[in-house]
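Trainee: Can you walk me through this one? I'd like the overall picture, then some details.

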Amino acid sequence: MFGSVQEFLAAAPLDRQGCLVLDVRLPGRSGLDLQEELAKANIRLPVIFISGHADVPMSVRAMKAGAVEFLTKPVRDQDLLDAIQLAIAKDRARRKQEATLERLRADFDTLTPREREVMVMVVAGRLNKQIAGDLQLSEATVKAHRSQAMRKMRARSLAELVRMADKLMPSRTKS
């Protein structure tokens, strides 16, 4: 529990797991201002707002900025507990997804430039023979690079490698 936004920012390690339960009206800066400040700093703690003085534009602003819930006072204990559990579950899922992406990036960074080139072409649906022709390599060399890319990426199948590539290169799947 903190008495103000400044007290929270000074004392709290902002990269830890959890969620923030904020009143819209806080001493000094508002909870909405804190939410905006955290977003600008890329601190993505889930936020639950509580207010006894809320209006529709205020709640819309909070929700558009990513608030998990906007509760009005008086708040039922169970409603607050449910919102906190949801926020913590969302935070846990986001952190897990980020850790997975970090591992994929680290694995991808172990690939040689040629293995990356072959991997990109493989996940685009090109056949070994086509890749060999495009890169002026033998088909056996393409197979070796493909095998190394699969091993280094820890992909057990082509489908898994494609899913990994989609996570690493999201623009690849957008038309």
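Predicted model: local features only at pLDDT ≥ 70, side-chain atom pairs only at ≥ 80, totals over all residues.

Trainee: OK. How many helices and strands does the chain have?

Mentor: Eight helices and three strands. Both are DSSP runs, numbered from the N terminus: helices are H or I with at least four residues, strands are E with at least two. Along the sequence the pattern reads α-β-α-β-α-β-α-α-α-α-α.

Trainee: Is the chain spread out or compact?

Mentor: The chain is more spread out than a compact globule, because its radius of gyration is 23 Å, well over the 16 Å that the globule rule gives for 175 residues. That radius is taken over C-alpha atoms, and the rule is 2.2 Å times the number of residues to the power 0.38. Along the principal axes, the C-alpha atoms fill a box of roughly 70 × 30 × 25 Å.

Trainee: And how much of the chain is buried?

Mentor: Buried residues make up 34% of the 175. Buried means under 20% relative accessible area, exposed means over 50%, and partly exposed is in between (1.4 Å probe, protein chains only).

Trainee: Now helix packing. At what angle do H5 and H7 cross?

Mentor: Roughly 90 degrees, for H5 (residues 113–123) and H7 (residues 139–153), and their axes come within 9 Å. So H5 is roughly perpendicular to H7. The cut-offs are under 35 degrees for roughly parallel, over 145 for roughly antiparallel, 65 to 115 for roughly perpendicular, and oblique for the rest. Axes are lines fitted to C-alpha atoms, for helices over the stretch in contact, and angles run from 0 to 180 degrees between N-to-C directions.

Trainee: Which residues make that contact?

Mentor: From H5, they are Arg114, Glu115, Val118, Met119 and Val122. From H7, they include Val142, His145, Arg146 and Met153. Contact means heavy atoms within 4.5 Å. By class, the H5–H7 contact has six nonpolar, two polar and four charged residues. Ala, Val, Leu, Ile, Met, Phe, Trp, Tyr, Cys and Pro count as nonpolar, Asp, Glu, Lys and Arg as charged, and the others, Gly among them, as polar.

Trainee: What do the buried residues of H5 pack against?

Mentor: H4, H6, H7 and H8. Those buried residues are Glu115, Val118, Met119, Met121, Val122 and Val123. Just after H5, glycine 125 has a positive phi of about 95 degrees.

Trainee: How do H4 and H8 pack?

Mentor: H4 (residues 77–109) and H8 (residues 158–168) pack at about 105 degrees, with axes 10 Å apart. That makes H4 roughly perpendicular to H8. In H4, the contact residues include Thr100, Leu104 and Phe108, and they meet Met164, Lys167 and Leu168 in H8.

Trainee: Single residues next. Is valine 24 buried or exposed?

Mentor: Valine 24 is buried, with a relative accessible area of 4%. Valine 24 sits in the loop between strand S1 (20–23) and helix H2 (31–40). Leaving aside neighbours within four places in sequence, its contacts include Phe49, Ile50, Met58 and Phe70.

Trainee: What does the side chain of asparagine 128 pair with?

Mentor: The side chain of arginine 146, in a polar contact of 2.9 Å. A polar contact is a pair of N or O atoms within 3.5 Å; within protein, one must be able to donate a hydrogen and the other to accept it, and residues adjacent in sequence count only if both atoms are side-chain atoms. Asparagine 128 lies in H6 (residues 128–135) and is buried at 14% relative accessible area.

Trainee: And glutamate 160?

Mentor: Glutamate 160 is in H8 and counts as buried, at 14% relative accessibility. Its side chain reaches the backbone nitrogen of arginine 156 at 2.8 Å.

Trainee: Which residue has a positive phi of about 55 degrees?

Mentor: Glutamine 136, although it is not a glycine. Glutamine 136 lies in the loop between H6 and H7 and is exposed at 74%. Arginine 154, also not a glycine, has a positive phi of about 60 degrees. Arginine 154 is in the loop between H7 and H8 and counts as partly exposed at 48%.

Terms used: Residues numbered from 1 in each chain as written. Heavy atoms only, no water.
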